[in-house]
Protein chains: 2
Amino acid sequence: MADSTRKHRVVILGSGWGGIRLAQDLNLNVFDVTVVSPRDHFVMTPLLASAAVGTVDISCISQPVQRIRWSNEIHFVEASCESINMVGKEVDCVSTMSSNSSVHVPFDSLIIAVGGKSNVFGIPGVREHAVFLKEVSDANEIRKRISTCFKRASQENLTDDERKNLLHFAVIGGGPTGVEFIAELNDCLTEDMNKLYPHLQKFVSLALYTSGASILQSFSPKLVHFAMKHFQKNGIPVSFQSSVESVEESKFTLKGGRSIHYGMLVWCAGVAPVELVTRLTDGPHAIAANDKKSKRILTDEYLRVLAPDRMSPLEGVYALGDCADILGQGVPGTAQAANQKGVWLSKSYVGKWRAILDANDPPEIPASPSLIKRLQKAPFYILPSFGILTFFIWRGFYLIITKSLKKQVQLLKSWVLNFVFGRDILDIQ
Amino acid sequence: MADSTRKHRVVILGSGWGGIRLAQDLNLNVFDVTVVSPRDHFVMTPLLASAAVGTVDISCISQPVQRIRWSNEIHFVEASCESINMVGKEVDCVSTMSSNSSVHVPFDSLIIAVGGKSNVFGIPGVREHAVFLKEVSDANEIRKRISTCFKRASQENLTDDERKNLLHFAVIGGGPTGVEFIAELNDCLTEDMNKLYPHLQKFVSLALYTSGASILQSFSPKLVHFAMKHFQKNGIPVSFQSSVESVEESKFTLKGGRSIHYGMLVWCAGVAPVELVTRLTDGPHAIAANDKKSKRILTDEYLRVLAPDRMSPLEGVYALGDCADILGQGVPGTAQAANQKGVWLSKSYVGKWRAILDANDPPEIPASPSLIKRLQKAPFYILPSFGILTFFIWRGFYLIITKSLKKQVQLLKSWVLNFVFGRDILDIQ
């Protein structure tokens, strides 16, 4: 098996939780692994909210794809996949390094783990004026905007109303991202920014706006109660049934006509499929089954992509993470679920996988029924800071799942430093 | 003196070495200190070269102006000074927070410490295609460009010549910045990038291009010899008498016609005065003396700005750092010199300063003759990595002069981590 031409070629599309977990764990004596992604790094997404308000350094929350294993044992192609040639067994990509340069990467097995993109529901002005919370650059942008709001509000020639408008921080979306982010933002504003700008304290406000009647709608009532109690205790207002109709440079309008001025608007209102997924699952040339509701790719419980008839799996094509769902399951689009699918796929199949991939019918797999059970139990990663104990428990968890020793040391350092010295939100990153 | 309206108002223009040192040290019981600068942070410039190649984290090398003292005891106005009203005793600024909004800051004493800008000598293409080494954003840009060069050179459809061109790293300028940077760059390429991209190693090259017949022209022959020996030992070529005539996107042309392809071109070829300094010292409305050669503001040896006739000092106006020189001295434009001037000004005058400022003739000052002596002895901060001992000596020095405990801990951590795990050049900052 030393001859690399004889190894089974696994191509992974995407550098998020699902794909990177698999790339990390696959047995490289058996598989020749190539990651194809327009993004050259993995992002520790559950820590984005913390990084955005300076609780952790931005450099701690990402890991270059080339460094996810000890040396460059896996190949990385920085490119965006445009289509999949199922007959010729290759993916057709456009390199992000030089425009118009197409790259064709052949595969024996393909893993689709391309994630999703922020859903703006076609609402005008959101792309132009809001900031999101998906990428490292977003966290950086949020830091800058918070700092800029305070700097602009300190200018002398402003009225009180202008200061209030500049210092209103609006978070749109009552899902886990919005809820977690506003809790972190509140800590940052009350613990740090108020100390740096004590004279502006009385003008600062924040609020969560959600179109629903409750926050965290798909999660347990216990968790909702817990979060709402935390919000009440900390004076974080939630505006229910508040659908955004349009966003302008410094104000947004809700359905019903109410306009709200803001200094920063963070859009956390859901996930939409990326273009590739739409192309694969929609229209007359679709090759994969479409989950009508979430628009995700449907797989069987072995994570094999189903053909549009939802009956037969496509040979050697797997999907996991936010871009995919198991038929009939409704697995949440969270980092945990993607990670667990990646772990399951690699653990169950490493060593045995090749035989399975070659066969049409998957043989009996010891761990197979456990995947769905595990996914149902997947811990929900919400992280409002509920005091010092929770602080250390959650942080311990992140420390364990962080993907390299170096990053673990950095993360630990940045928590300790920020705990002692205050957040680093003013720092240039 | 508790009444703040009665404090002597010191306005410092600039957030670099000279200005920030003074802002840190001035006695706030006596002085009401305001820093006016378009840049909201101090940059540890001698560490820029290290940060640019990932030896230290980028967040370690800057410090927000608001955090240079324990709380917000000094005022900060984020604005660019356009002119100085000597009669009305105020500086006229344009806020960087909102365009066209002018700010007038009154002073009793004014410190001009606005630094300089990169000198491109009017050579076409430099501003568009080169990268500089003056700001934090430059260090970030260099990291990205190094990484991009290697990623582009790894693409499959390239010829060997194209790979060589993409992996030629050109540093322009034989002064301390260029010399220090190319030594750091060489370490980074040989120690880290060659490990990440072993198959590209044979295509990588770098060179220093200087218009002079020697490097480090204004420094001691001993230091020049030392640096050249290091360059020879490490195979760093220096191209003497190589004046750049024009720069294009992927190649530059020397006087004489030779063209050289490059992947990244770093411009370290000297300092030019910023617009404010030119306005203050040039033309019929000049208020300050001009050093004909360096175009800097001339001061007496008490750092008081001289009127255009070079005879009498302007009342209550001081200048230090790269934008200023002492008449007849030719103080080098280095971080050390600026820092020493700042130290001297604050140490000699704290407490006593007010009386001095009020008087026209400076009284006898115990430390006064020592400034020029000290400046002549100012240690030169060049830092090629000459083995492990030098490594720790220099790093110890930077650790001491770094401006906050938190930054010191961060810096130490980033050196230790990078020493153990390799440089972080691929990291997103």
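The model is predicted, so local features need pLDDT of at least 70 and side-chain atom pairs count only at pLDDT 80 or more, while totals for chains, interfaces and linings use all residues; side-chain values use heavy atoms, with hydrogens and water left out. Residues are numbered from 1 along each chain as its sequence is written, and chains are lettered from A and ligands numbered from 1 in the order in which they are written.

**Exercise 1. Chain A as a whole**

Task: Find how many helices and strands chain A has, and what percentage of its residues count as buried.

Solution: 
- Step 1. Chain A has 13 helices and 21 strands. Helices (H or I, at least four residues) and strands (E, at least two) are DSSP runs, numbered from the N terminus.
- Step 2. Of the 429 residues in chain A, 58% are counted as buried.
- Step 3. Take the contacts in chain A between residues at least 6 apart in sequence: 64% of these join residues at least 24 apart. A contact means heavy atoms within 4.5 Å.

**Exercise 2. Aromatic pairs**

Task: Find how many aromatic pairs the whole structure holds, then classify the pair A:Phe150 and A:Phe169.

Solution: 
- Step 1. The search over all chains gives 10 aromatic pairs.
- Step 2. For A:Phe150 and A:Phe169, the ring centres are 6.0 Å apart and the planes meet at 20 degrees, so this pair is stacked. The rule is that rings of Phe, Tyr and Trp (its six-membered ring) pair if their centres lie within 6.5 Å; planes under 30 degrees apart are stacked, over 60 edge-to-face, and the rest tilted.
- Step 3. A:Phe150 belongs to helix α4 (residues 136–153) of chain A and A:Phe169 to strand β10 (residues 168–172) of chain A, so the pair ties together parts 19 residues apart in sequence.
- Step 4. A:Phe150 is buried too, at a relative accessible area of 0%.
- Step 5. In chain B, the rings of B:Trp17 and B:Phe42 have centres 5.1 Å apart and planes at 75 degrees, so that pair is edge-to-face.
- Step 6. B:Trp17 lies in helix α1 (residues 17–25) of chain B and B:Phe42 in strand β3 (residues 41–43) of chain B, so the two tie together parts 25 residues apart in sequence. Both B:Trp17 and B:Phe42 are buried.
- Step 7. Back in chain A, one aromatic cluster is formed by A:Phe150, A:Phe169 and A:Tyr197.

**Exercise 3. Two serines**

Task: Work out which residues the side chains of A:Ser242 and B:Ser95 reach.

Solution: 
- Step 1. A:Ser242 sits in the loop between β12 (238–239) and β13 (244–247) of chain A and is buried at 7%.
- Step 2. A polar atom of the A:Ser242 side chain lies 2.9 Å from the backbone oxygen of A:Phe240.
- Step 3. B:Ser95 is in strand β6 of chain B, and its 7% relative accessibility counts as buried.
- Step 4. The side chains of B:Ser95 and A:Gln155 are joined by a polar contact of 3.1 Å. A polar contact is a pair of N or O atoms within 3.5 Å; within protein, one must be able to donate a hydrogen and the other to accept it, and residues adjacent in sequence count only if both atoms are side-chain atoms.
- Step 5. The B:Ser95 side chain also reaches the backbone nitrogen of B:Met97, at 3.0 Å.

**Exercise 4. Positive phi**

Task: Decide whether B:Leu303 is buried or exposed, and give its phi.

Solution: 
- Step 1. Most residues other than glycine have a negative phi.
- Step 2. B:Leu303 is not a glycine, yet its phi is positive, near 65 degrees.
- Step 3. B:Leu303 is in the loop between β18 (297–299) and β19 (304–306) of chain B, and at 0% relative accessibility B:Leu303 counts as buried.
- Step 4. B:Lys89, also not a glycine, has a positive phi of about 55 degrees. B:Lys89 counts as partly exposed, at 23% relative accessibility.

Note on methods:
Buried < 20%, exposed > 50% of the residue type's maximum accessible area, 1.4 Å probe, protein only.
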